[in-house]
Amino acid sequence: MQYWKAHYRDTLHDTAIEIINTEEDYNTEPLSFTLDSITFCGTSLNDFHLKDKTQCEEAGKKFSLLKWGGHNSKFTSPYLYDLQGYELEIEIPINVFRKKDGQLIVGVLFLSFKFTKPDMSKPHSIRMCDDTRVYRDDVIVREFSLSVDGIRYKSTEKTLWFEAALGDICRQIRSDYYIKCCFTCQYSDYSPYGSDDYGLMLCFCRHKDDCLKVNSKDDFFSFLEGKDCDGRQETYLCEHYCLRNKASGYRGFVDGIIN
């Protein structure tokens, strides 16, 4: 269980909050926070939605909510109430290895972003509320950075996709530090079949020998067949951590070598 410091702003709020991260896998909606007695939960940092749908009327008076789901000719699904129209700043503690003295120290990932009205000139994923198409707000990322030893390394990738932003930061710090977490572990990677922006890494610690034989995308697909893999978050650190390296890491053909 982790507790992340954060600051939340919208038209009615400007306050510090605490985001709870249960560190469980993507399917459990591990992230949550409570404000004005209303709890929002989600799988990633830009998909918070109302946890208790019976509170939709009360929550609608305090927050901007997008209702979607329901019934139409193509699908039937429960209604969801996505949190919209807010700004969020988050601090995420993360382990960093300092190369000059071999010390493991704590760094802080800092994320700052806001939701704005959707730009209708751009494509958007399709969401329906009964028979009416509805649109989520666009996300504008102001900063994704790592602070360590008093220095802030800002990702040039203004995105909440941890794979892109962490990859850029790892390239910046590679001479002096490396981030010690599942993202940089030899035995984890993202699903080649697609994933969300956060919280869905595949852990291969129970299949180490087979994992290290993978040298291409085709190998990766073949390797995954029939494997029972564990789910991990990018910033999670397990006891089986092994730094990814150029010689045997298969991330090289996915998103570039980072060490």
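Select Glu-87, which is found in strand β8 (residues 87-98); strands here are DSSP runs of E with at least two residues, and helices are runs of H or I with at least four, numbered from the N terminus. The model is a predicted one, in which local features need pLDDT of at least 70, side-chain atom pairs count only at pLDDT 80 or more, and totals for chains, interfaces and linings use all residues. Residues are numbered from 1 along each chain as its sequence is written, and side-chain values use heavy atoms, with hydrogens and water left out.

Glu-87 counts as partly exposed because its relative accessibility is 25%; buried means under 20% relative accessible area, exposed over 50%, and partly exposed in between (1.4 Å probe, protein chains only). Now display its surroundings. Leaving out residues up to four places away in sequence, Glu-87 touches His-7, Tyr-8, Arg-9, Phe-113, Lys-114 and Arg-142, where contact means heavy atoms within 4.5 Å.

Next, select Leu-45. Apart from neighbours within four places in sequence, Leu-45 is in contact with Trp-4, Leu-31, Tyr-86, Ile-90, Ile-92, Leu-111, Phe-113 and Phe-162. Leu-45 is also listed with Ile-19, Phe-48, Leu-88 and Phe-162 as having the most contacts inside the largest nonpolar core, which has 48 residues. Helix α2 (residues 162-173) gives this core its largest share, six residues. A nonpolar core is a set of buried Ala, Val, Leu, Ile, Met, Phe, Trp, Tyr and Cys residues joined through side-chain atoms within 4.5 Å. Apart from this core lies another, of 14 residues, among them Cys-203, Cys-205, Phe-220 and Leu-224.

Move on to Ser-222, placed in helix α4 (residues 217-224). Is Ser-222 buried or partly exposed? Ser-222 has a relative accessible area of 48%, so the residue is partly exposed. Then pick Lys-5, 217 residues away along the chain; the C-alpha atoms of Ser-222 and Lys-5 are separated by 41 Å.

Finally, show the whole protein chain. The protein chain has five helices and 17 strands, and its C-alpha atoms fill a box of roughly 55 × 45 × 35 Å along the principal axes. Of its 259 residues, 45% count as buried. Among contacts between residues at least 6 apart in sequence, 55% join residues at least 24 apart.
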